[in-house]
Amino acid sequence: MSSVAITTKPKGFDLKAFLANNGALVGLAVLCLALFIATPRFLTAANLVNVGIQVSTIAVMAFGLTFVIVAAGIDLSVGSVAALSAMVSSYWATTANLPGAWSIVVGLAVGAACGWVTGAMSAYGKLPTFIASLAMLTIVRGLTLVVSDGRPIATSESVSFLGSDLGVIPVPIIVLVLSALVAGFVLNYTVIGKNAFAVGGNTEAARLSGIPVKRVLMTVFIISGVFAALSGMILAGRLDSAQPTLAAGYELDAIAAVVIGGSSLSGGVGRISGTLVGALVLAVIRNGLNLLSVSAFWQQVVIGLVIAVAVGFDVFRRKNVRH
Amino acid sequence: MSSVAITTKPKGFDLKAFLANNGALVGLAVLCLALFIATPRFLTAANLVNVGIQVSTIAVMAFGLTFVIVAAGIDLSVGSVAALSAMVSSYWATTANLPGAWSIVVGLAVGAACGWVTGAMSAYGKLPTFIASLAMLTIVRGLTLVVSDGRPIATSESVSFLGSDLGVIPVPIIVLVLSALVAGFVLNYTVIGKNAFAVGGNTEAARLSGIPVKRVLMTVFIISGVFAALSGMILAGRLDSAQPTLAAGYELDAIAAVVIGGSSLSGGVGRISGTLVGALVLAVIRNGLNLLSVSAFWQQVVIGLVIAVAVGFDVFRRKNVRH
Amino acid sequence: GETSAEGGKVTMAISTLNNPFFVDVRDGAKEEAAKSGIELNVVDAQNDSATQANQLATAATDGSVGVIINAVDSDAASAALAPVVSAKLPIVAVDRSVGETKVASFVASDNVAGGEQAAKALAEKLGGKGKIIILEGVPGASSTNERGEGFDKGLAAYPDIEVVSSQPANYDRAKALDVATNLLQGNPDVAGVLAMNDEMALGAIQALGDKAGKSVNVVGFDGTDDGFKAVASGKLLATIAQNPAELGRQSVQMAAKVLNGESVEADVAVAVDTVNAKNISEYTK
Amino acid sequence: MNSDPLLVLDRVCKSFGPVQVIDEVTVEVHAGKVSVLLGENGAGKSTLIKMIAGVHPPDGGRILIEGKEVKISDTKSSEALGIATIHQELNLVPSMTIAENITLGRVPRRFGIINRREMRKIAREALDRLGLDLHVDTPVGNLGLAQQQLVEIAKALSLDARILILDEPTAALTTAEINQLFDVVRNLKAKGVGMVFISHHLDEIAAIGDFVNVLRDGQFIATVPADTDENQLVRLMVGRDIDEQFPRVRTEVSDTPLLSVQGLGAGMLSDISFEVRPGEVVALAGLMGAGRTELIRAIAGADDYTAGSVTVAGTPLARRDVAAATRAGIGHVPEDRKTQGLVLDASVAENIGYATMASTARAGLVDRKGQRKRAEDVAARLRIRMGSIDQPIRSLSGGNQQKAVFGRWFTAGSKVLLLDEPTRGVDVGAKVEIYELINEITASGGCVLMASSELPEVLGMSDRVLVMSQGRIAGELKTREATQDSIMAMAVSNVHREHETGMNQ
Ligand SMILES: Nc1ncnc2c1ncn2[C@@H]1O[C@H](COP(=O)(O)OP(=O)(O)OP(=O)(O)O)[C@@H](O)[C@H]1O
Ligand SMILES: Nc1ncnc2c1ncn2[C@@H]1O[C@H](COP(=O)(O)OP(=O)(O)OP(=O)(O)O)[C@@H](O)[C@H]1O
Ligand SMILES: O[C@@H]1[C@H](O)[C@H](O)CO[C@H]1O
Ligand SMILES: [Mg+2]
Ligand SMILES: [Mg+2]
């Protein structure tokens, strides 16, 4: 019977299926509507631009992380990698006085190198990705402090550009959109992406089908490192300064964004659009709580609840659709 | 045929098997020997007592966490739970002026309640434990700030006792030893512990054998919450004050201790003695790096490397023994 | 300006509320705001510059008529304040400077001077010689750098005092306990501890146990309630008392004045005092 | 066997640590012929074919392809040599579609960008070869076990290899799909493809095999023609005679039902009512996806149901409560022992003890001594072959693992045994031992409900047969009066009538 049931394809637009597949999006819409009713300040162009800028760093970081999570890994080092990349790129231009135009490339290379190391630890050293990236979280933060000697370094002009405005449009939003497109394309239309899904869905099957599992692991961590680096440079660019504590703890937000967006931590499932929505959910909540002048302490409580409810809703929804 | 090889039982003491099963312990011994050679200050009674006190908080926290990890879960909320428990127990005695003798019990109850909530989110709400406990990390920290209004609260006498000395022996060390015995006993000799192993080894098989998987999940999180609370109160007792930022970030150290001690993040494997050794490895390294006056920045790098190497060594060793 | 303080919303962006010092700053500010009829919206950056940047951007568009900032990091604050500057809202900085950004008023204690006073208090007690250790604040925070500068200045006059180690403990008591314990282990003959705030000083006192105030002297900074208690009990040699509530009150006063079109001083220096056994009774009532 | 062989495994060896699993075995594969590997569970059949597939390169001996020595170091190089392998364990990515799974590892691409249309085309063609009417965009995780096995086969076929290896491809299939598969195999034979085939079903060997290589304990025993008498094959394989393949001892059946299911409905199941009496073995037969597993799981408390009731010895059971079912005397041997039956890294003793751990505990303390003794006793009684009761159950052969799951319910004193494909992938010798366990249960007044896709097993071991179709009970037969044909006729009976309701869930 299943063969019969399964061959049936939806006729026309299936609202129920759409809602079921876009739980986070629905949640986001509800959230925005609630805020729109609660305060007139939410739906102003200026505020929406704010949200866009604010979401950019976590979202870009989370795009890279999506690859790792799809491949059934986790990358706890993204916050530290963001800091080191921003720091080295600033050191390069400001302290070492090397050509500032290259600083972004240098930062991205640092991110790729960090990803390479984490990937190698997990692919060749056979460390669980949780441990490999936990070790890197500490190591890379330590290196950031060593490079900076614990002091902020001014960013180069090209990094500052990443945090500035281009006419009326803030550069972080442009970078965000481009990153989403590139990440989405790579994840869905290229062999790199498909291989990540296969490895995450069933590593052994992937291996037996001739997919180079180790290389796939290396690749997703390098991608994660590069996006983390980009995110770190946007952040530093916005502050015109690379801080030794930059993006500390952001890994948890980025992971939350990916998971709220519908990726499964057990691998094999994930979408860049979902991750973007997940990051937006977090940013809109933070923004809204500030607009509504909710006390800083209660904000943390509310954000935790939202993470739980958003993912809980997603789990519930999926269960109900399957059967 | 395999039966032949397997029936061979070790005659007398099997050094190779011992080493293979106690990788972290060997690592610890090597570490201690190296420090003993490097600096005469290491092997003084005073310094060893220091190490003992310093290890106590992370170790006690990690004991509880071992239960969760054995059951194939993770608990990121332990640091926050330690803080809230210490804060509420101090609030109870100091601010609300209720009987101070009860404050430890109140603190432990807070820990149990937090564990109950995390457990319920994962068992009944079907949230991945990573997400449930991540949400709790934020929520519980927020509540700690709400309760304390951001200020430290002086601890009650009974909590201060947890951080004091009993004759020449520091109470944290006594609590550490007792906790290890209790945790080890529960994990190995009771139905609670054995159920945690079964659920962590294969949840579906455990469920189909009639093991109440949900209740087991609830139980391990409650245990984790109680040990986290105890650890938080030791910490506060040592400071005579419950701090709103108490134990922030300690969850990563605790997880590292459990994993260095040989537990597997995929569940079904773990030992309390291993966790103790894991916590000691981290504490001895920190202590040693300080004795050797290594800069704080490089310390982070070294600690990350040690986590990677320790777990890597363990992975390698197991692979070589299995086949 | 054409606005008036009465009834307007002012956003106060604080670096972190996980520290009693800033809770006092906030409370002083709230008190003053209630008096002058200002709606004070307090946001907490949890010591993260980027979070602060986000909060300032929100403040620029959410109807706030003015901003009071306690920067996480002085250099980064400049860029973070850009949206507030372009929204032409008046800015008052409190406790920490904000780089090049032009502010209506900067209300602060002099951290360099305070650092110098702290160093002097310890050095004199030690008779101008001996080994000491320094506990630093959050790396990169301007108060860390400024107090460090003050320590250096103060110690320059005492060439026989040797700083055997200087390590960050992030203004955190628990962190300081472990760091101090370890440093003392490596340097058992230390005679003094110079901590960049009271929380860390108290952590060091715990690490010292009975030695605190006897064979080893500790100096803190801030003048928190716990700090004063420690001075009174003789465990803390001295603390450089800032008056955080006063910092908060003054910052709101300055903001109110600007909003009402009155002129204000560009720099409001709130006095720091060396509080020790001699004058402690004036501070504890 | 006279022509030059396509592939030769020449005196290959393989050890895992100290354990030598393959000891100087020589096997040949010829074009257009099916070379069967026969041996007990754990004899080394899968290990042998993994050498060809590039999973476990041999540590001794040579592999020759058309007379030339080759090194097959990984799966890619095996594929490059024109070898396709269907592994014993399913190797599919559940979250990916059928099309993605079929093209796994060789997605049609240009400059790294995937060509989806081409991907679907390859998949469609592969499914058509097996006559499978599945949509290529269906996620594989939504398919039943049998359908997944067919997708796995389709995937291997789509490689157009000259050497095809099939490791127990029929274990999860029912007769209809097996016949379909054999048609394809014959077709490939005609095209000159050389094949290696592994199965524990002796009748299948005669049906498509050409010659049989018998292994025992990792050693090569003999190569004999495929039409060799079954008893002779069994003797070669297990080293002794097996008197009877289905040693059912019928017992007195009392009247009061032990297990009673009334009006049960859940998911695809609707209105299921029947009773099983003490001393009785009732078989559940049906086509793939008929709903047998769902029924067994609902009774066992593993899944919820929406209508009806389950009663054991007069006491109604709570829904979806395995512990309650266990206490009432139900024991459940699930469909897939690896994922649902065993904690693979735990010891044999622990695996046997899970169902009795809580009930024998005192004040929350595990009765360690008692648990161990009970496990040892039951292991001895069921003749579980192992080195020690403390070894990880992962290291036991499949048949012995299966017996340990039985052992769990023996120790628990279960009176109602629910068996789901109890002998899937189990060798002839071990099968007989499992059948004897079934006899023991009924002899001691228990009863057995057994879902099985192996009709000989159904006919040989049950007393009554319930035939399921489309989630309903299509009819009931007395085993004595039943034949394979009468069961099959009933199994397909109302397929068409139910079509409509079946798809609207
Ligand atoms: N990776 C491995 N590590 C250790 N031992 C192994 C490994 N793989 C197989 N074995 C052992 O090798 C022996 C042969 O296993 P193999 O899977 O080849 O048997 P088989 O003949 O295919 O059995 P079955 O009929 O149950 O499929 C068994 O004892 C098994 O436990
Ligand atoms: N989670 C699920 N999602 C979609 N379909 C399912 C799910 N679970 C079961 N099915 C379908 O329900 C049908 C009944 O499955 P069940 O396993 O009970 O059948 P069966 O008679 O035991 O057959 P077999 O085990 O041989 O496949 C199958 O066609 C299966 O594909
Ligand atoms: O002035 C404050 C306090 O000293 C506090 O303890 C840390 O941050 C500084 O900026
Ligand atoms: Mg096999
Ligand atoms: Mg079935």
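The structure is a predicted model, in which local features need pLDDT of at least 70, side-chain atom pairs count only at pLDDT 80 or more, and totals for chains, interfaces and linings use all residues. Residues are numbered from 1 along each chain as its sequence is written, chains are lettered from A and ligands numbered from 1 in the order in which they are written, and side-chain values use heavy atoms, with hydrogens and water left out. Ligand 1 lies between chains B and D, whereas residues from chains A and D surround ligand 2. The protein buries 100% of the area that ligand 3 exposes when taken alone.

**Ligand 1**

- The shell of ligand 1 holds 16 residues, and those that come nearest are D:Asn41, D:Gly42, D:Lys45, D:Ser46 and D:Thr47; a residue is near a molecule if one of its heavy atoms lies within 4 Å of it.
- Polar contacts are pairs of N or O atoms within 3.5 Å; within protein, one must be able to donate a hydrogen and the other to accept it, and residues adjacent in sequence count only if both atoms are side-chain atoms.
- The side chain of D:Ser46 places an N or O atom 2.7 Å from an oxygen atom of ligand 1.
- For the side chain of D:His200, the distance from an N or O atom to an oxygen atom of ligand 1 is 2.9 Å.
- D:Gly44 has a polar backbone atom 2.9 Å from an oxygen atom of ligand 1.
- On its own, ligand 1 has 640 Å² of accessible area, of which the protein covers 77%; accessible areas come from the Shrake-Rupley method with a 1.4 Å probe, and for residues only the protein chains shown count as cover.
- Helix 1 (residues 45–53) of chain D gives the largest share of this shell, 3 residues; helices (H or I, at least four residues) and strands (E, at least two) are DSSP runs, numbered from the N terminus.
- By class, the shell around ligand 1 has 3 nonpolar, 10 polar and 3 charged residues; Ala, Val, Leu, Ile, Met, Phe, Trp, Tyr, Cys and Pro count as nonpolar, Asp, Glu, Lys and Arg as charged, and the others, Gly among them, as polar.

**Ligand 2**

- The site of ligand 2 is shared between chains, because residues from chains A and D surround the ligand.
- Of the 15 residues around ligand 2, the nearest are D:Gly291, D:Arg292, D:Thr293, D:Glu294 and D:Glu335.
- Polar backbone atoms of D:Gly289 and of D:Glu294 each lie 2.9 Å from an oxygen atom of ligand 2.
- A backbone N or O atom of D:Ala290 is 3.1 Å from an oxygen atom of ligand 2.
- The protein buries 80% of the 620 Å² that ligand 2 exposes when taken alone.
- Helix 9 (residues 292–300) of chain D contributes the largest share of the shell around ligand 2, 3 residues.
- The shell around ligand 2 comprises 5 nonpolar, 7 polar and 3 charged residues.

**Ligand 3**

- Residues of chain C surround ligand 3, including C:Phe21, C:Phe22, C:Asp95, C:Tyr171 and C:Gln242.
- The side chain of C:Asp222 has an N or O atom 2.5 Å from an oxygen atom of ligand 3.
- For C:Arg96, a polar side-chain atom lies 2.6 Å from an oxygen atom of ligand 3.
- The corresponding distance for an N or O atom in the side chain of C:Asn19 is 3.3 Å.
- Ligand 3 exposes 270 Å² when taken alone, and the protein buries 100% of that.
- Helix 1 (20–35) and helix 5 (142–156) of chain C are the elements that give two or more residues to this shell.
- The shell around ligand 3 divides into 3 nonpolar, 4 polar and 4 charged residues.

**Cavity and pocket**

- The whole structure contains 10 cavities of 30 Å³ or more.
- On a 1 Å grid over the protein atoms alone, a cavity is a set of points where a 1.4 Å probe fits but cannot get out, and a pocket is an open set with protein on both sides within 12 Å along at least five of seven lines; lining residues have an atom within 4 Å of a point.
- The second largest cavity holds about 230 Å³ of space; grid points are joined across faces, edges and corners, and a volume is the space filled by probe spheres set on the points.
- Among the 18 residues lining this cavity, A:Leu208, A:Ser209, D:Glu79, D:Thr85 and D:Leu159 lie nearest its centre.
- The second largest pocket has a volume of about 820 Å³, and 32 residues line this pocket.
- Helix 4 of chain B supplies the largest share of the pocket lining, 5 residues.

**Chain A**

- Chain A has 15 helices and 4 strands.
- Chain A is as compact as a globular protein of its length, because its radius of gyration of 20 Å is close to the 20 Å that the globule rule gives for 323 residues; the radius is taken over C-alpha atoms, and the rule is 2.2 Å times the number of residues to the power 0.38.
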